[in-house]
Amino acid sequence: MAGKPKLYYFDGRGKMESIRWLLAAAGVEFEEEFLETREQYEKLLKDGSLMFQQVPMVEIDGMKMVQTRAILSYIAAKYNLYGKDLKERALIDMYVGGTDDLMGFIMIFPFLSAEDKEKQCALIVQKATSRYFPAYEKVLKDHGQNFLVGNNFSWADVHLLEAILMVEEKKSDVLSGFPHLQAFKARMSSIPTIKKFLEPGSQRKPVPDDKYVETVRRVLRMYYDMKAN
């Protein structure tokens, strides 16, 4: 019997958080090894575990997988969260791609200066409310179904819920003008596996703090400052 997937990353969100979300939504238990020192990272490099010298890396089904999108695609397909046919898979890919674009504005936020954080927060809310949330609101309104692709939740839905909650951390009432997304959020949050992941004590990571930022900078030797978009 195959063991639990093992995740190699920092003790924080970053690019691994969407992988945690998808595994949790699928009801899959997983283990984690947190990178805290440069030596741990260099050992993975020396062992040949990081094909492109980057994390996240996930050990699953006898593979050492890198590249976040590839890992997520594999998990989605393995656990029937990738649609029932090629057309549904294409739609899921399209919606995930849009959500990824929005998440990109959020991902760099912890690494910005205080001045740039203020600007980036405004940009995140502006992009969410003028570009991304209206698109998903229209999808849900037009087809009248419970989820983005049909009446079964998929990778696209899990990804969107994660993004919604991330934006709400910047502006708590950001969904006030999006009734279909409000209902979507409630439906998704009530799915037993997701509800469990949202409860205290789960493997969901908190908002990145200064300790997380310092650990990432130290391990990856990031001595430069990121800039807001």
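**A chat about the cavity and the sheet**

Analyst: Domain 1 (6-79 + 198-220) and domain 2 (86-190) each give at least three residues to the lining of the largest cavity; the domain bounds come from an automatic or database domain assignment. This is a predicted model, where local features need pLDDT of at least 70, side-chain atom pairs count only at pLDDT 80 or more, and totals for chains, interfaces and linings use all residues. Residues are numbered from 1 along each chain as its sequence is written, and side-chain values use heavy atoms, with hydrogens and water left out.

User: OK, what counts as a cavity, and as lining?

Analyst: On a 1 Å grid over the protein atoms alone, a cavity is a set of points where a 1.4 Å probe fits but cannot get out, and lining residues have an atom within 4 Å of a point.

User: How much space lies in the largest one?

Analyst: About 50 Å³, a volume being the space filled by probe spheres set on the points, which are joined across faces, edges and corners.

User: Which residues line it?

Analyst: R13, E17, W21, E162, L165, M166, E169 and R204. Helix α6 gives the most, with 3 residues; helices here are DSSP runs of H or I, at least four residues, and strands are runs of E, at least two, numbered from the N terminus.

User: Switching topic, in what order do the sheet strands go?

Analyst: The order is β2-β1-β3-β4, an open sheet with mixed pairing. Two strands pair if DSSP finds at least two bridges between them.

User: And how do β3 and β4 run?

Analyst: Antiparallel, with 4 bridges joining β3 (residues 57-60) to β4. E59 stands opposite K64 in β4.

Definitions and conventions
1 Å grid on protein atoms, 1.4 Å probe; cavity = no way out; pocket = protein on both sides within 12 Å on 5 of 7 lines; lining within 4 Å.
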